[in-house]
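Work through these exercises with the model open. Each task is followed by a stepwise solution.

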Amino acid sequence: MGSDSDLPVMRDTTEVLEQLGVEYEIVISSAHRVPEKTAQYAQSAEERRIEVIIAAAGGAAHLPGVIAALTCLPVIGVPIKTSTLGGVDSLYSIVQMPRGIPVATVAINGAKNAGILAAQIIGVKDPAVREKVRSFKQELAGAVAEKDKKLQELGVTAYLEQMNK
(Lines give C-alpha, C1' and ligand atoms only; values in the text may rest on other atoms or scores of the structure.)
Protein backbone atom coordinates (compact mmCIF):
# COMPACT_ATOMS: atom_id res chain seq x y z
CA MET A 1 0.00 0.00 0.00
CA GLY A 2 1.12 3.52 -0.62
CA SER A 3 -0.31 4.68 2.71
CA ASP A 4 -1.93 3.35 5.86
CA SER A 5 -5.10 5.14 4.74
CA ASP A 6 -5.40 2.36 2.12
CA LEU A 7 -5.62 -0.34 4.79
CA PRO A 8 -9.41 -0.27 5.32
CA VAL A 9 -9.87 -1.04 1.61
CA MET A 10 -7.05 -3.58 1.45
CA ARG A 11 -8.51 -5.48 4.39
CA ASP A 12 -10.82 -7.05 1.77
CA THR A 13 -7.75 -8.51 0.05
CA THR A 14 -6.37 -10.02 3.24
CA GLU A 15 -9.74 -11.52 4.14
CA VAL A 16 -10.20 -13.25 0.79
CA LEU A 17 -6.59 -14.50 0.72
CA GLU A 18 -7.05 -15.95 4.20
CA GLN A 19 -10.32 -17.57 3.10
CA LEU A 20 -8.56 -19.11 0.08
CA GLY A 21 -5.54 -20.26 2.11
CA VAL A 22 -3.03 -18.00 0.34
CA GLU A 23 -0.13 -16.70 2.41
CA TYR A 24 0.58 -13.00 2.10
CA GLU A 25 2.57 -10.14 3.50
CA ILE A 26 1.40 -6.56 3.70
CA VAL A 27 3.61 -3.47 3.77
CA ILE A 28 3.37 0.29 3.43
CA SER A 29 5.79 1.66 0.87
CA SER A 30 5.31 4.85 -1.10
CA ALA A 31 6.74 5.15 -4.60
CA HIS A 32 7.26 8.87 -3.93
CA ARG A 33 8.15 9.12 -0.25
CA VAL A 34 10.39 6.04 0.09
CA PRO A 35 11.40 5.12 -3.46
CA GLU A 36 14.48 3.17 -2.31
CA LYS A 37 12.36 0.96 -0.04
CA THR A 38 9.85 0.40 -2.84
CA ALA A 39 12.60 -0.53 -5.29
CA GLN A 40 14.23 -2.92 -2.82
CA TYR A 41 10.88 -4.56 -2.10
CA ALA A 42 10.08 -5.07 -5.79
CA GLN A 43 13.55 -6.24 -6.75
CA SER A 44 13.79 -8.76 -3.90
CA ALA A 45 10.25 -10.16 -4.18
CA GLU A 46 11.12 -13.01 -6.52
CA GLU A 47 14.00 -14.29 -4.41
CA ARG A 48 11.67 -14.12 -1.38
CA ARG A 49 9.33 -16.48 -3.29
CA ILE A 50 6.54 -13.99 -3.74
CA GLU A 51 4.44 -15.01 -6.73
CA VAL A 52 2.07 -12.08 -7.27
CA ILE A 53 2.18 -8.50 -5.99
CA ILE A 54 -0.97 -6.52 -5.26
CA ALA A 55 -0.24 -2.80 -5.07
CA ALA A 56 -2.82 -0.27 -3.94
CA ALA A 57 -2.52 3.46 -4.31
CA GLY A 58 -4.63 6.57 -4.54
CA GLY A 59 -4.20 9.88 -6.31
CA ALA A 60 -1.17 9.81 -8.61
CA ALA A 61 -1.09 6.05 -7.83
CA HIS A 62 2.39 5.32 -9.12
CA LEU A 63 3.12 2.41 -6.75
CA PRO A 64 1.79 -0.43 -8.96
CA GLY A 65 3.60 0.85 -12.06
CA VAL A 66 6.89 1.43 -10.28
CA ILE A 67 6.76 -2.08 -8.84
CA ALA A 68 5.85 -3.54 -12.24
CA ALA A 69 8.83 -1.76 -13.78
CA LEU A 70 11.17 -3.36 -11.25
CA THR A 71 10.00 -6.99 -11.27
CA CYS A 72 8.93 -9.70 -13.70
CA LEU A 73 6.25 -10.92 -11.29
CA PRO A 74 2.59 -10.24 -12.06
CA VAL A 75 1.38 -7.00 -10.47
CA ILE A 76 -2.25 -6.26 -9.72
CA GLY A 77 -3.13 -2.62 -9.12
CA VAL A 78 -5.93 -1.52 -6.82
CA PRO A 79 -6.96 2.08 -7.45
CA ILE A 80 -8.07 3.67 -4.19
CA LYS A 81 -11.03 6.04 -4.13
CA THR A 82 -9.95 9.62 -3.52
CA SER A 83 -11.90 12.53 -2.09
CA THR A 84 -11.09 14.88 -4.95
CA LEU A 85 -11.79 12.79 -8.07
CA GLY A 86 -13.50 9.72 -6.64
CA GLY A 87 -10.66 7.39 -7.57
CA VAL A 88 -10.79 8.02 -11.31
CA ASP A 89 -7.38 9.67 -11.00
CA SER A 90 -6.04 6.51 -9.32
CA LEU A 91 -7.65 4.26 -11.91
CA TYR A 92 -6.19 6.16 -14.85
CA SER A 93 -2.74 6.28 -13.24
CA ILE A 94 -2.70 2.51 -12.80
CA VAL A 95 -4.43 1.32 -15.96
CA GLN A 96 -2.61 3.61 -18.43
CA MET A 97 0.80 1.95 -18.21
CA PRO A 98 3.31 2.26 -21.03
CA ARG A 99 3.91 -0.65 -23.39
CA GLY A 100 6.00 -3.36 -21.78
CA ILE A 101 5.04 -2.57 -18.16
CA PRO A 102 1.63 -4.21 -17.67
CA VAL A 103 -0.35 -3.88 -14.47
CA ALA A 104 -3.55 -5.89 -14.14
CA THR A 105 -6.04 -3.41 -12.74
CA VAL A 106 -9.23 -4.03 -10.78
CA ALA A 107 -12.07 -1.61 -10.04
CA ILE A 108 -11.72 1.40 -7.78
CA ASN A 109 -11.53 -0.05 -4.24
CA GLY A 110 -11.71 -3.52 -5.85
CA ALA A 111 -9.41 -5.09 -3.27
CA LYS A 112 -11.46 -8.27 -2.96
CA ASN A 113 -11.19 -8.94 -6.69
CA ALA A 114 -7.45 -8.29 -6.49
CA GLY A 115 -7.15 -11.06 -3.91
CA ILE A 116 -9.26 -13.43 -5.99
CA LEU A 117 -7.24 -12.68 -9.12
CA ALA A 118 -3.98 -13.24 -7.25
CA ALA A 119 -5.29 -16.59 -5.99
CA GLN A 120 -6.32 -17.55 -9.54
CA ILE A 121 -2.82 -16.73 -10.80
CA ILE A 122 -1.27 -18.82 -8.03
CA GLY A 123 -3.83 -21.54 -8.75
CA VAL A 124 -2.35 -22.05 -12.20
CA LYS A 125 0.44 -24.06 -10.55
CA ASP A 126 -1.12 -24.88 -7.17
CA PRO A 127 -4.11 -27.25 -7.47
CA ALA A 128 -5.10 -26.77 -3.82
CA VAL A 129 -5.52 -23.02 -4.27
CA ARG A 130 -7.30 -23.57 -7.59
CA GLU A 131 -9.83 -25.86 -5.87
CA LYS A 132 -10.42 -23.28 -3.11
CA VAL A 133 -11.09 -20.64 -5.76
CA ARG A 134 -13.47 -23.05 -7.52
CA SER A 135 -15.36 -23.66 -4.26
CA PHE A 136 -15.45 -19.93 -3.55
CA LYS A 137 -17.02 -19.26 -6.95
CA GLN A 138 -19.52 -22.09 -6.45
CA GLU A 139 -20.54 -20.49 -3.15
CA LEU A 140 -21.11 -17.19 -4.96
CA ALA A 141 -23.28 -18.94 -7.54
CA GLY A 142 -25.22 -20.71 -4.80
CA ALA A 143 -25.94 -17.42 -3.04
CA VAL A 144 -27.34 -15.95 -6.27
CA ALA A 145 -29.54 -19.02 -6.78
CA GLU A 146 -30.88 -18.68 -3.22
CA LYS A 147 -31.69 -15.01 -3.75
CA ASP A 148 -33.51 -15.78 -7.00
CA LYS A 149 -35.49 -18.57 -5.34
CA LYS A 150 -36.52 -16.19 -2.55
CA LEU A 151 -37.49 -13.49 -5.08
CA GLN A 152 -39.64 -15.96 -7.02
CA GLU A 153 -41.37 -17.06 -3.80
CA LEU A 154 -41.95 -13.61 -2.30
CA GLY A 155 -42.35 -11.34 -5.30
CA VAL A 156 -40.75 -7.95 -5.76
CA THR A 157 -42.53 -5.96 -3.05
CA ALA A 158 -42.11 -8.49 -0.22
CA TYR A 159 -38.50 -9.19 -1.25
CA LEU A 160 -37.64 -5.50 -1.12
CA GLU A 161 -39.41 -5.12 2.24
CA GLN A 162 -37.26 -7.93 3.67
CA MET A 163 -34.12 -6.33 2.23
CA ASN A 164 -34.91 -3.03 3.95
CA LYS A 165 -35.45 -4.55 7.40
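**Exercise 1: Salt bridges**

R11, E15 and E18 are linked in a network of salt bridges (a salt bridge is a side-chain nitrogen of Lys or Arg within 4 Å of a carboxyl oxygen of Asp or Glu). This is a predicted model: local features need pLDDT of at least 70, side-chain atom pairs count only at pLDDT 80 or more, and totals for chains, interfaces and linings use all residues. Residues are numbered from 1 along each chain as its sequence is written, and side-chain values use heavy atoms, with hydrogens and water left out.

Solution. 
1. Count first. The rule gives five salt bridges.
2. Check exposure (buried means under 20% relative accessible area, exposed over 50%, partly exposed in between, with a 1.4 Å probe and protein chains only). R11 is partly exposed at 39%. E18 is partly exposed too, at 43%.
3. Move to E25 and R48. E25 sits in the loop between helix 1 and helix 2, and R48 in the loop between helix 2 and strand 1, so the pair ties together parts 23 residues apart in sequence. E25 is partly exposed at 41%, and R48 is partly exposed at 35%.
4. Finish with E51 and K125. E51 is in the loop between helix 2 and strand 1, K125 in the loop between helix 5 and helix 6, and the two are 74 residues apart. E51 is partly exposed at 34%, whereas K125 is exposed at 62%.

**Exercise 2: The fold**

Task: state the pattern that the chain follows along the sequence.

Solution. 
1. Count the elements (DSSP runs numbered from the N terminus: helices are H or I, at least four residues; strands are E, at least two). There are seven helices and three strands.
2. Read along the sequence. The pattern is α-α-β-α-β-α-β-α-α-α.
3. The C-alpha trace spans about 60 × 40 × 30 Å along its principal axes.
4. Of the 165 residues, 37% count as buried.

**Exercise 3: The largest pocket**

Task: which helix gives the most to the lining of the largest pocket?

Solution. 
1. On a 1 Å grid over the protein atoms alone, a pocket is an open set of points where a 1.4 Å probe fits, with protein on both sides within 12 Å along at least five of seven lines; lining residues have an atom within 4 Å of a point.
2. Get the volume (the space filled by probe spheres set on the points, which are joined across faces, edges and corners). The largest pocket has about 700 Å³.
3. Find the centre. Of the 32 lining residues, E23, Y24, E25, I50 and V52 are the closest to it.
4. Assign elements. Helix 1 (7-19), helix 2 (35-44) and strand 1 (53-58) are among those that each supply at least two lining residues. Helix 1 gives the most, with four.
5. Sort by class (Ala, Val, Leu, Ile, Met, Phe, Trp, Tyr, Cys and Pro are nonpolar; Asp, Glu, Lys and Arg charged; the others, Gly among them, polar). The lining divides into 20 nonpolar, five polar and seven charged residues.
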